[in-house]
Amino acid sequence: MSDLHTKNNVHMLTNQEHPFWIKNFIDVYSQLSIENLHLLNQVYSDDVIFIDPMHRIQGIENLGEYFRALYQNLTSCQFNIQEVIVLNDEAAIYWQMTYQHAKLNKGAPIVVDGHSHIKSVQDEITYHRDYLDLGAMLYEHLPLIGSLTKWVKSKAAK
């Protein structure tokens with residue numbers, strides 16, 4: 001059996017065949033913590049564009065500051081990479097994030113599914129956009145707002 005699979009003309013590579021920049025991205029995110037945020041410099045270009053549901057950030061220094069602020073109050077944060085689809089110098093990475101924050105969900109773990117669209121030039125990521133449900137990640141776990149968010153979602157589903 002080959003390590004290269006084709007689905008609708010998109011090549012999906014198994015781990016053994018991922019380009020260096022994908023392997024590096026997965027490796028860094030699998031060990032990322034407040035103590036080693038300097039590893040971001042090994043993944044991203046100096047002028048990286050990073051977008052998530054709350055922010056648009058440009059530049060590796062700004063991205064480092066953003067991650068420091070995010071990780072500062074977390075008890076833990078782990079990424080489980082579930083699927084990677086690579087096409088030339090772009091990839092879609094599907095992941096599950098499990099994190100803990102003392103002020104959210106009574107400090108219990110929160111699990112969020114999401115995916116990232118990343119682009120690379122010369123083995124450095126120049127573009128990273130995260131897609132995830134911000135309600136499931138944050139709003140549902142805040143006092144008062146959480147109940148309201150869950151109520152709105154339940155009404156929208158009917």
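## Terms and basis

A polar contact is a pair of N or O atoms within 3.5 Å; within protein, one atom must be able to donate a hydrogen and the other to accept it, and residues adjacent in sequence count only if both atoms are side-chain atoms. The model is predicted: local features need pLDDT of at least 70, side-chain atom pairs count only at pLDDT 80 or more, and totals for chains, interfaces and linings use all residues. Residues are numbered from 1 along each chain as its sequence is written, and side-chain values use heavy atoms, with hydrogens and water left out.

## Overall fold

The chain contains 4 helices and 8 strands, taken as DSSP runs (helices H or I, at least four residues; strands E, at least two) numbered from the N terminus. Their order from the N terminus is β-β-α-β-β-α-β-β-β-β-α-α.

## Nonpolar core

A nonpolar core is a set of buried Ala, Val, Leu, Ile, Met, Phe, Trp, Tyr and Cys residues joined through side-chain atoms within 4.5 Å. The largest has 35 residues, of which Ile22, Phe25, Tyr29, Tyr44, Leu63 and Phe67 touch the most other members. Helix α1 (20-31) is among the elements that each supply at least two residues, and α1 gives the most, with 6 residues.

## Aspartate 113

Aspartate 113 belongs to strand β7 and is partly exposed, with a relative accessible area of 48%. Its side chain forms a polar contact of 3.0 Å with that of glutamine 96.

Note on methods:
Buried < 20%, exposed > 50% of the residue type's maximum accessible area, 1.4 Å probe, protein only.
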